[in-house]
Amino acid sequence: MPHHYDALETRHPADREAALMARLPAHVARAQAMAPAFAERLRGIDAAAVRSRAALARLPVLRKADLLARQRDEPPFGGYATAAWGPEMARVFVSPGPISEPEAARRDYWRMARALHAAGLRRGMLVHNAFSYHFTPAGSMLESGAHAIGCSVFPAGVGQTEMQVQAIASLRPHAYVGTPSFLRILLEKADEMGLDCGSLRHAVVSGEAFPAATRQALIERGIASHQVYATADIGAIAYETPAHDGLVVEEHAIVEIVEPGGDTLMPEGEVGEVVVTTFNPTYPLIRFGTGDLSRVLPGLSPCGRTNTRLAGWLGRADQTTKVRGMFVHPGQITALARRFPELARVRLVVDNPNGYDHMHLQCEVTQHDAGVAEQLAHALRDLTRLRAEVSMVAPGTLADDGRVIEDRRRYD
């Protein structure tokens, strides 16, 4: 079986750079001509001149907040998509924000096949897909990549733990895709139920941090695990290889590391915000700021792939955090607090006791009301699609530091 997905992964870095830069002018021109928001955003830009990283770096960074604001004024995609409803627009997703993401009817639209191949998935395997299949695109992302390789997919989605364990024991899938924490939950539930999930030999995980302890626990069960770094807007950005030495950038993506919240490129090796340009003709997000922090690793991977490597996820440039595969934004917590005038100050604390993400909403109130706490828990779940513990505390308990989300998770 071939070690690499195709010859693109092992080409000389200079050849890759030349090929990517050569594609930029036509891509920028198409965005200007067919996406009204880019026509406005890149007014006065000569697309033919955007053929180097220096020229690309002179274009403004598009951040999720900008995208969200445009989508609110011009639904569904804020003028950034080049296609309308119909056969070219196969699906549309709505992620927390709310923010909409299109999916065109193209093979491996999210460019996930390369990452799955690096993780050992091959034609003829059955994949247990435990990413969400509704609202958010994660389930479709991984399924389309698996289909491009030639795998069959069981669309498990999230939840229904016991039924998922029974399905694994019955169908005997070769691989799991989903969050690492849910895979641990499934394996522990299988032990509890006395069912055999030993057919799983590969895991492709994403959506949350991947602690070393979780990786080791999977190794002890004979499961080789690999991470893929992706966003709902962009698709695959980088992926882990069997060398386990950082994440190799996807072949059809241009990755820059910029000053968090700004446009200036960071010196190579320093931590900054991950900014991505892909060549998606349907949704040409040029210089999209992910809000994630990372850095470029020196040298090449010993696996033979010659593309740039990232150190992996090193935090967020803002207070936005990801919990069990779902983004939670400060604006969501602020909007929640406005619904309840009896609240003075609120803070969402995210922790991971025993390796599992846990949310705890702390609210300052003058009078404790158990009914309000229950209403808050339901409202927060509606907003974020995640469960949380809610506590009422006395005024002055929470620090007056402007922080709405506090991430206390540890991954060592």
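**Helices, strands and single residues**

Guide: Helix α7 (residues 161–171) and helix α8 (residues 180–193) pack at an angle of about 75 degrees, with their axes 9 Å apart. Axes are lines fitted to C-alpha atoms, for helices over the stretch in contact, and angles run from 0 to 180 degrees between N-to-C directions. Helices (H or I, at least four residues) and strands (E, at least two) are DSSP runs, numbered from the N terminus. This is a predicted model: local features need pLDDT of at least 70, side-chain atom pairs count only at pLDDT 80 or more, and totals for chains, interfaces and linings use all residues. Residues are numbered from 1 along each chain as its sequence is written, and side-chain values use heavy atoms, with hydrogens and water left out.

Visitor: How are α7 and α8 oriented to each other?

Guide: Their packing angle is about 75 degrees. Angles under 35 degrees count as roughly parallel, over 145 as roughly antiparallel, 65 to 115 as roughly perpendicular and the rest as oblique. So α7 and α8 are roughly perpendicular.

Visitor: How do the residues of the contact of α7 with α8 divide?

Guide: Contact means heavy atoms within 4.5 Å. Val165 and Ile168 are among the α7 residues that make it, and Phe182 and Leu186 are among those of α8. Ala, Val, Leu, Ile, Met, Phe, Trp, Tyr, Cys and Pro count as nonpolar, Asp, Glu, Lys and Arg as charged, and the others, Gly among them, as polar. The contact residues come to 7 nonpolar, 3 polar and 2 charged.

Visitor: Which strands are at the edges of the open sheet of 4 strands?

Guide: Two strands pair if DSSP finds at least two bridges between them. The order is β1-β13-β12-β11, with mixed pairing. Each edge strand pairs on one side only, and these are β1 (62–63) and β11 (253–258).

Visitor: How many bridges join β11 to β12?

Guide: On its other pairing, β12 (residues 272–278) meets β13 (residues 288–294) in the antiparallel sense over 4 bridges. There, Val275 stands opposite Gly289, and Glu273 stands opposite Leu293. β11 and β12 also run antiparallel, with Ile257 bridged to Val274 of β12. The number joining β11 to β12 is 6.

Visitor: How many residues of β12 are buried?

Guide: Buried means under 20% relative accessible area, exposed over 50%, partly exposed in between (1.4 Å probe, protein chains only). Helix α1 (residues 13–34) lies across β11 and β12. β12 is mostly covered, and the buried count is 7 of its 7 residues.

Visitor: Is Lys64 buried or exposed?

Guide: Lys64 sits in helix α4 (residues 64–73). Beyond its neighbours within four places in sequence, its contacts include Ile99, Asp233 and His329. Its relative accessibility is 18%, so Lys64 is buried.

Visitor: And is Arg43 buried or exposed?

Guide: Arg43 is in the loop between α2 (36–41) and α3 (53–56). Its C-alpha atom is 11 Å from that of Ala33, 10 residues apart along the chain. Its relative accessibility is 63%, so Arg43 is exposed.

Visitor: How many disulfides does the count come to?

Guide: A disulfide is a pair of cysteine sulfur atoms within 2.5 Å. Cys151 is buried at 6%, but its sulfur is 19 Å from the closest cysteine sulfur, in Cys197, so that is too far for a bond. For Cys303, the nearest cysteine sulfur is that of Cys151, 20 Å away. The count of disulfides is 0.
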